[in-house]
Amino acid sequence: MLHKLRYLLCCSLGALLALPAAAQSIYSATDPLAHTFSIVARDAKTGEMAVAVQSHWFSVGTSVSWAEAGVGVVATQSFTNKSFGLRGLALLKSGKTAQQALDELLAADESRDVRQVAILDNQGRVATHTGKKCVDMAGHQQGPQFSVQANMMLNNTVWGAMARAYEAGAALPLAERVLGALDAAQAAGGDVRGRQSAALLVVRGTATEGPWADRLVDLRVDDSPAPLPELHRLLKLHRAYDHMNAGDLAVEKNDMPAAVQEYQAAEKMFPQNLEMKYWHAITLANKQQVPAALALLKPIFRQEPNWRILTERLPKVGLLTVSPAELKQILALK
């Protein structure tokens, strides 16, 4: 069946290339055929906004997912028009509602019938378009402050399953909640071609000092036989490093009990991660808790001797502030 589908797609592309230039705008080398399923959503409690996607297409997150803190999110898919991402956000930023932005984008698009687009603004208003020539099975469903959409699916139950899963996950953080919707899509049949890549992007509801602080989660799996399980693993790792960062902040405030609690929470999530254990140990050493640091560093040095080499270099740049005698004791660990 998949061989037949590839044949039909190739035939369709061949026919497109034989069309006049105006009609060929359906497909271009810079706008991939990201047939896929996705969700755009806003958390009413926090104002955070998310867009998440999975597809049997390489690096789908670079094509489908667009977001800006305090503005909104866009998912552009099927015969993707990447410009809808930046242009859609710009229209929202100018004061347009999600529906007004979508209407303006489609009005100027001769290939609107093969597009699938979802836009969500910072008030939680959603607008969705599934072109009448999107490959079956294709459709979308809107709910309070979210929209799910899919095309080229195995069956027509996918987007309904996504909506039910998202609504059932109301107690979860937004990132985990939208991933739950993607899991439901895959369980319901997903993309008729299978799976290859996935992406998750979450931004703040209100812009702060800059984009570097406003993208709360930005994760991609560009090529994998199981992109959603890998995306879940990456999100868990992201959460663990949130604990590490919180531990560092607690150290700055000289709140060592809180720092240790945060570091231990991170290490519990990923007990084999030497990076987490190592910087926990260095922090303890810098706070005159060298015996506790030694206990953590000893198994690290045994497992990977290069951490000992790194440790010797840290005093030069002020990242390890122990006495010469204490440094000698650390480096002598066996």
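**Close-up views of a predicted model**

View 1. Met137 sits in the loop that links β7 (126-130) to β8 (139-143). The model is predicted. Asp136 and Met137 are joined by a cis peptide bond. Its omega is about -5°. Most peptide bonds are trans.

**View 2. Two non-glycine residues with positive phi.** Gln145 is found in the loop between β8 and β9. Gln145 is not a glycine, yet its phi is positive, about 60°. Is Gln145 buried or partly exposed? With a relative accessible area of 22%, Gln145 is partly exposed. Asn254 belongs to the loop between α8 and α9 (256-269). Asn254 also is not a glycine and has a positive phi of about 60°. Its relative accessible area is 54%, so Asn254 counts as exposed. Most residues other than glycine have a negative phi.

**View 3. An open sheet of 6 strands.** The strand order is β8-β9-β2-β3-β10-β11, and the pairing is antiparallel. β10 and β11 are joined in the antiparallel sense by 6 bridges. Within this pair, Leu201 has Asp218 of β11 as its bridge partner. Strands of a sheet pair through backbone hydrogen bonds, either parallel or antiparallel.

**View 4. Helices α5 and α6 on the sheet.** Helix α5 packs on the sheet and touches β2, β8 and β9. The direction of α5 makes about 150° with that of β9. Helix α6 packs on the sheet too, where it touches β2, β3, β10 and β11. For α6, the angle of about 150° is with the direction of β2.

**View 5. The largest nonpolar core.** This core has 34 residues. Which residues have the most contacts inside it? They are Ile39, Val158, Met162, Tyr166, Val178, Leu182 and Leu200. The strands that each supply at least two core residues include β2 (36-42), β3 (49-55), β9 (146-150), β10 (197-203) and β11 (215-221). Helices α5 (158-168), α6 (174-187) and α8 (227-252) likewise each give at least two. The largest share, 8 residues, comes from α6. In soluble globular proteins, nonpolar side chains tend to be buried together.

View 6. Neighbours within four places in sequence are left aside here. Leu182 is then in contact with Phe37, Ser38, Ile39, Ala52, Val53, Gln54, Met162 and Leu228. A separate, second core has 29 residues. Among them are Val251, Tyr263, Met276 and Val290.

**View 7. The crossing of α10 and α12.** Helix α10 spans residues 274-286, and helix α12 spans residues 306-313. Their axes come within 12 Å and cross at roughly 35°. The crossing is right-handed. Which residues of α10 meet α12? Leu274, Glu275, Tyr278 and Trp279 do, and their partners in α12 are Trp307, Leu310 and Thr311.

Notes. Residues numbered from 1 in each chain as written. Predicted model: local features only at pLDDT ≥ 70, side-chain atom pairs only at ≥ 80, totals over all residues. Heavy atoms only, no water. Axes fitted to C-alpha atoms, helices over the stretch in contact; angles between N-to-C directions. Helix = DSSP H or I, 4+ residues; strand = E, 2+ residues; numbered from the N terminus. Left-handed = near helix turned anticlockwise from the far one by under 90°. Contact = heavy atoms within 4.5 Å. Core = buried A, V, L, I, M, F, W, Y, C linked by side-chain atoms within 4.5 Å. Buried < 20%, exposed > 50% of the residue type's maximum accessible area, 1.4 Å probe, protein only. Pairing = 2+ DSSP bridges.
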